[in-house]
Amino acid sequence: MIRRAETDADLAGWCEVWSAITPREPVTLEQVKRRLERQPERLFLIAEKDSRLVGSGLVAPSDSPNRKFVGVRVLPEWRRRRIGSELYDRALVHARALEPEWISTMLSEADSDSMAWAERRGFEEYGRQVELVLELRGDESAPAPPDGIEIVEVTPDLHEAAYALTQEAWEDLPTTVPVELAPFDVWLEEEMGGPISFAAMEDGEMVGFAGLMERDAPGLLEHGLTATRRTHRRRGIATALKQTQVAWAAATGYRELITFTQDRNEGMQAINLALGFEPQPAWISMRRRP
């Protein structure tokens with residue numbers, strides 16, 4: 001049976017299924033409830049078989065204008081029983097009612113069956129996110145910042161400056177479709193809710209910014225966007241910010257860092273690789289017309 005997840009118990013079950021399939025990107029009940037409150041057009045679906053939750057579906061806004069995200073997850077042992085198809089059909093009806101120009105989804109390069117499943121339903125690739133992972137030894141040290149630069153912890157009085165710098169960096173992202181930064185309050189909750197963020201300061205002005213985001217998985221943190229002011233790029237500021245994050249995470253007891261970047265963002269990929277991050281299978285962005 002496919003039905004809408006509405007109660008806390010339903011949504012908690014949705015999170016369990018979703019997180020079981022993508023354990024590096026777990027989702028909590030609190031996150032889901034806040035997102036649903038902000039965006040009531042979201043749809044959370046659950047699939048039940050023999051009194052068990054075996055699948056989940058999602059329709060959500062995206063960071064690109066006129067596009068809605070549709071996601072389907074089915075536990076491996078319950079696949080090939082048309083559960084994913086039923087979840088998708090129900091989600092597609094909801095997404096179409098929102099009248100987007102595009103419907104998108106995201107799948108792992110390593111999951112060839114799901115890629116083929118999406119292609120049969122008219123989805124085509126339009127972008128890739130490179131996933132990289134760094135295993136921490138525990139003794140990583142903080143770097144000396146570039147000349148004239150001081151790296152400090154981001155405090156609430158620096159949030160607006162960090163948001164403005166993030167906006168500048170988003171405008172320069174090498175994406176194949178337009179993207180829009182979330183409003184300040186949403187950005188603050190989603191991107192600044194982690195344990196710490198760092199800023200690169202020059203003469204009292206923020207010229208670089210990088211945050212760490214908590215993931216509901218033991219010992220794991222995710223790098224958010226690393227942003228540098230256009231006038232200050234190629235000076236080693238982004239590398240120093242990332243090294244500071246790595247050292248802080250290691251000293252605080254974390255043992256794994258994960259980051260994602262656009263496949264065309266060769267500069268940031270080079271920084272990550274130089275710091276020892278190991279590439280993982282890419283995440284493939286796919287889309288179709290409604």
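What percentage of the 290 residues in the protein chain is made up of buried residues? In this predicted model, buried residues account for 50% of the chain. The secondary structure consists of 8 helices and 13 strands. With a radius of gyration of 20 Å, close to the 19 Å that the globule rule gives for 290 residues, the chain is as compact as a globular protein of that length.

**Overall dimensions and contacts**

- Taken along the principal axes, the C-alpha atoms of the protein chain fill a box of roughly 60 × 40 × 35 Å.

**Nonpolar cores**

- In soluble globular proteins, nonpolar side chains tend to be buried together.
- The largest nonpolar core of this model holds 26 residues, and the members that touch the most others are Val70, Ile83, Leu87 and Met286.
- At least two residues of this core come from each of strands E2 (43–49), E3 (52–61), E4 (67–74), E5 (102–108) and E13 (283–288), and likewise from each of helices H3 (83–97) and H4 (112–120).
- Helix H3 provides the largest share of this core, with 6 residues.
- Another core, of 20 residues, lies apart from the largest one and has Val130, Ile196, Leu221 and Ile237 among its members.

- Valine 70 belongs to strand E4 and counts as buried because its relative accessibility is 3%, below the 20% limit.
- Beyond its neighbours within four places in sequence, valine 70 is in contact with Leu58, Val59, Tyr88, Ala91, Ala95, Ile103, Ser104 and Thr105.
- The C-alpha atoms of valine 70 and valine 133 are separated by 26 Å, and these two residues are 63 residues apart along the chain.
- Methionine 286, with neighbours within four places in sequence left aside, is in contact with residues including Ile103, Ser104, Thr105, Leu107, Met115 and Ala118.
- Further contacts of methionine 286 include Glu119, Phe123, Glu124, Glu125 and Tyr126.

**Helix packing**

- Two packed helices are described by the angle between their axes and the distance between the axes.
- The axes of helix H5 (residues 159–171) and helix H6 (residues 184–191) cross at roughly 95° and come within 11 Å; the two helices are therefore roughly perpendicular to each other.
- On the H5 side, this contact is made by His159, Glu160, Ala162, Tyr163 and Thr166, and on the H6 side by Phe184, Trp187 and Leu188.
- By type, the residues of the contact of H5 with H6 comprise 5 nonpolar, 2 polar and 1 charged.
- Helix H2 (residues 29–38) also packs with H6, at an angle of about 170° and with the axes 12 Å apart; H2 and H6 are therefore roughly antiparallel to each other.
- Here Arg34, Arg35 and Arg38 of H2 meet Val186, Glu189 and Glu190 of H6.
- The contact of H2 with H6 comprises 1 nonpolar residue, no polar residues and 5 charged residues.

**Buried residues in a strand and a loop**

- Glutamine 262 lies in strand E11 (residues 256–262) and is buried, with a relative accessible area of 12%.
- Not counting residues up to four places away in sequence, glutamine 262 touches Arg128, Gln129, Leu173, Pro174, Thr175 and Gln269.
- Alanine 217 is placed in the loop between strand E9 (205–214) and strand E10 (220–228), and at a relative accessible area of 18% this residue is buried.
- The residues touched by alanine 217, not counting those up to four places away in sequence, are Pro23 and Pro26.
- Although alanine 217 and proline 23 are 194 residues apart along the chain, their C-alpha atoms are separated by 7.5 Å.

**Loop residues with positive phi**

- Most residues other than glycine have a negative phi.
- Serine 51, a residue other than glycine, has a positive phi near 65°.
- This serine 51 lies in the loop between E2 and E3 and counts as exposed at 79% relative accessibility.
- Arginine 82, which is not a glycine either, has a positive phi of about 70°.
- The loop between E4 and H3 contains arginine 82, which is exposed, with a relative accessible area of 53%.

Key. Residues are numbered from 1 along each chain as its sequence is written. This is a predicted model: local features need pLDDT of at least 70, side-chain atom pairs count only at pLDDT 80 or more; totals for chains, interfaces and linings use all residues. Side-chain values use heavy atoms; hydrogens and water are left out. Helices (H or I, at least four residues) and strands (E, at least two) are DSSP runs, numbered from the N terminus. Buried means under 20% relative accessible area, exposed over 50%, partly exposed in between (1.4 Å probe, protein chains only). Contact means heavy atoms within 4.5 Å. Axes are lines fitted to C-alpha atoms, for helices over the stretch in contact, and angles run from 0 to 180 degrees between N-to-C directions. Angles under 35 degrees count as roughly parallel, over 145 as roughly antiparallel, 65 to 115 as roughly perpendicular and the rest as oblique. Ala, Val, Leu, Ile, Met, Phe, Trp, Tyr, Cys and Pro count as nonpolar, Asp, Glu, Lys and Arg as charged, and the others, Gly among them, as polar. A nonpolar core is a set of buried Ala, Val, Leu, Ile, Met, Phe, Trp, Tyr and Cys residues joined through side-chain atoms within 4.5 Å. The radius of gyration is taken over C-alpha atoms; the globule rule is 2.2 Å times the number of residues to the power 0.38.
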